Amino acid sequence: MAIYLDHAATTPLRPELIEGYLAQLQVLGNPSSVHGAGQRARMAVEDARDQVAKAVDCHRSEVLFTSGGTESNNLAIKGLYLAAKAQDSERNVVITAGTEHHAGIDPVEWLETSEGAEAVWLPVSPTGVIDLAWLDTYLSKNAQRVALISLMWVNNETGLITPVSKVTEIANRYEIPVHSDAVAAFGHIPISFKDSGLKTMAISGHKFGAPVGVGAVIVARDAKVAVTSHGGGQERGIRSGTLSSPLAYALGKAAALAAEELPEIRNRVSEFAQDISRGILEIAPDAIFTRGEEPGYEGIIHFTFPGCSGDSLLYLLDAAGVCVSTGSACRAGVAQPSHVLMAMGRTEDQARGSLRISLGQSTTRADVDALLAAFPMAYAGAHRAGLPGN
Ligand SMILES: Cc1ncc(COP(=O)(O)O)c(C=O)c1O
């Protein structure tokens, strides 16, 4: 069995939900049908809605089931933008950052090319921290032109935590809605939608033990969100399409487990992460911990290794049976330096030398030991190979 240390890409299914999920797969009934079979399927969906609402701390009516993080971000970002623009055609600015996941950046770029939006990219520091003073000053002069702000809660490559409530505190002075991609945050750090000041938020099941293909967009009851996906009018009309009761069941159960066990899992993950960082720095003393001393989710460990290719490290570790990543899985296989590191001002060579090790609920001490045992050979090999083209 391979040692799996790529939980930021996807996580193993929680064993606790498999039996119920399989049973739910055999339940016949469309949750929108009025007969008994439909109502039984509906009950599973509504129980799951309660569980997700409790786990993210929001009202049950604010939970809209989707297929995952990408769809949730698209529905929220495009929906908030089009609603603001419909009210006031001068409002066409979307404030975001170059360090967002592509599921956050690409909807904004689509709004630019197709809907007359203007993207304003927040300055970020070399450790990835957004410039809140810049945001404050920008809004004091341009607030009436801003349709929304979209900023992720935890960066999926570096683990950096965005101070979401500081962003909403500034934005709320000007009544500007804020969306957050919480895909890399929920299940790993404490989240309260109610206290966050956000209007919309995205979560994705496969990042916390549910199957791939289910997630939720949390939409505040007072949020103005235009409908961008049309059909049967399910999920407050914002996300049409027949609901999957098995997937909703799995999302609800995984969310409840993740929230319940968060303190215990986070403690364990933090301890393992410290040991990994210490071990790596003993082997590669010039490695740079990407988010520096900034607050971050401990389970995402991201280093850059000067003079080394992250791809070489990844392949050599993989050959030794250890799965890690160079960054976002969505871009894996595409020979490009990480756009996140480039947005943080790294050179292409620096960005190419990056490695992400991400831990989760199922990570064990034996996984940590296996990584640290395989690392010296992989590092020596990657160092000898150097950077392509150099
Ligand atoms: C921060 C972040 N946002 C969005 C996504 C996309 O989520 P999904 O795979 O559920 O579409 C991911 C997945 O890698 C992610 O890490």
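1. At what angle do the axes of helix α3 (residues 69-87) and helix α4 (residues 102-115) cross, and within what distance do they come? In this predicted model, the two axes cross at roughly 35° and come within 9 Å, and the crossing of α3 and α4 is right-handed. On the α3 side the contact is made by Thr-70, Asn-73, Asn-74, Ile-77, Lys-78, Tyr-81, Leu-82 and Lys-85, and on the α4 side by Ala-103, Gly-104, Pro-107, Val-108, Trp-110, Leu-111 and Glu-115. Sorted by class, the residues of this contact are 8 nonpolar, 4 polar and 3 charged.

2. Helix α8 (residues 245-283) packs with helix α2 (residues 36-56), their axes coming within 8 Å and crossing at roughly 25°. Because angles under 35 degrees count as roughly parallel, α2 is described as roughly parallel to α8, and the crossing between α2 and α8 is left-handed. The residues of α2 that make the contact are Ala-41, Ala-44, Val-45, Ala-48, Gln-51, Val-52 and Ala-55, while α8 contributes a set including Ala-248, Leu-251, Gly-252, Ala-255 and Ala-259. The contact of α2 with α8 comprises 12 nonpolar, 3 polar and 1 charged residues.

3. Helix α1 (residues 15-25) also has an axis that comes within 8 Å of that of α8, with a crossing angle of roughly 165°. Since angles over 145 degrees count as roughly antiparallel, α1 is roughly antiparallel to α8, and the crossing of these two helices is right-handed. From α1 the contact involves Glu-16, Leu-17, Gly-20, Tyr-21, Gln-24 and Leu-25, and from α8 it involves residues among them Pro-246, Leu-247, Ala-250, Ala-254, Leu-257 and Glu-261. By class, the contact of α1 with α8 has 9 nonpolar, 3 polar and 3 charged residues.

4. Phe-65, which lies in strand β2 (residues 63-66), deserves a separate look. Phe-65 counts as buried because its relative accessibility is 4%, with the cut-off for burial set at under 20%. Beyond its neighbours within four places in sequence, Phe-65 is in contact with a set of residues including Val-45, Ala-48, Val-52, Ala-248 and Leu-251; Val-45, Ala-48 and Val-52 of α2, and Ala-248 and Leu-251 of α8, also take part in the contact between those two helices. Leu-243 is another of the residues that Phe-65 contacts, and although the two are 178 residues apart in sequence, their C-alpha atoms are 7.6 Å apart in space.

5. Two residues other than glycine have a positive phi and may be worth checking by eye. Asp-57, in the loop between α2 and β2, has phi near 60° and is partly exposed, with a relative accessible area of 26%. Glu-175, in the loop between α6 (164-173) and β6 (178-181), has phi of about 55° and counts as exposed, at 71% relative accessibility.

6. For the chain as a whole, the secondary structure amounts to 12 helices and 12 strands. The radius of gyration is 21 Å, which agrees with the value near 21 Å for a compact globule of 390 residues, and the C-alpha atoms fill a box of roughly 65 × 55 × 35 Å along the principal axes.

How values were computed
Residues numbered from 1 in each chain as written. Predicted model: local features only at pLDDT ≥ 70, side-chain atom pairs only at ≥ 80, totals over all residues. Heavy atoms only, no water. Axes fitted to C-alpha atoms, helices over the stretch in contact; angles between N-to-C directions. Helix = DSSP H or I, 4+ residues; strand = E, 2+ residues; numbered from the N terminus. Parallel < 35°, antiparallel > 145°, perpendicular 65-115°, else oblique. Left-handed = near helix turned anticlockwise from the far one by under 90°. Contact = heavy atoms within 4.5 Å. Nonpolar A, V, L, I, M, F, W, Y, C, P; charged D, E, K, R; others polar. Rg over C-alpha atoms; globule rule 2.2 N^0.38 Å. Buried < 20%, exposed > 50% of the residue type's maximum accessible area, 1.4 Å probe, protein only.
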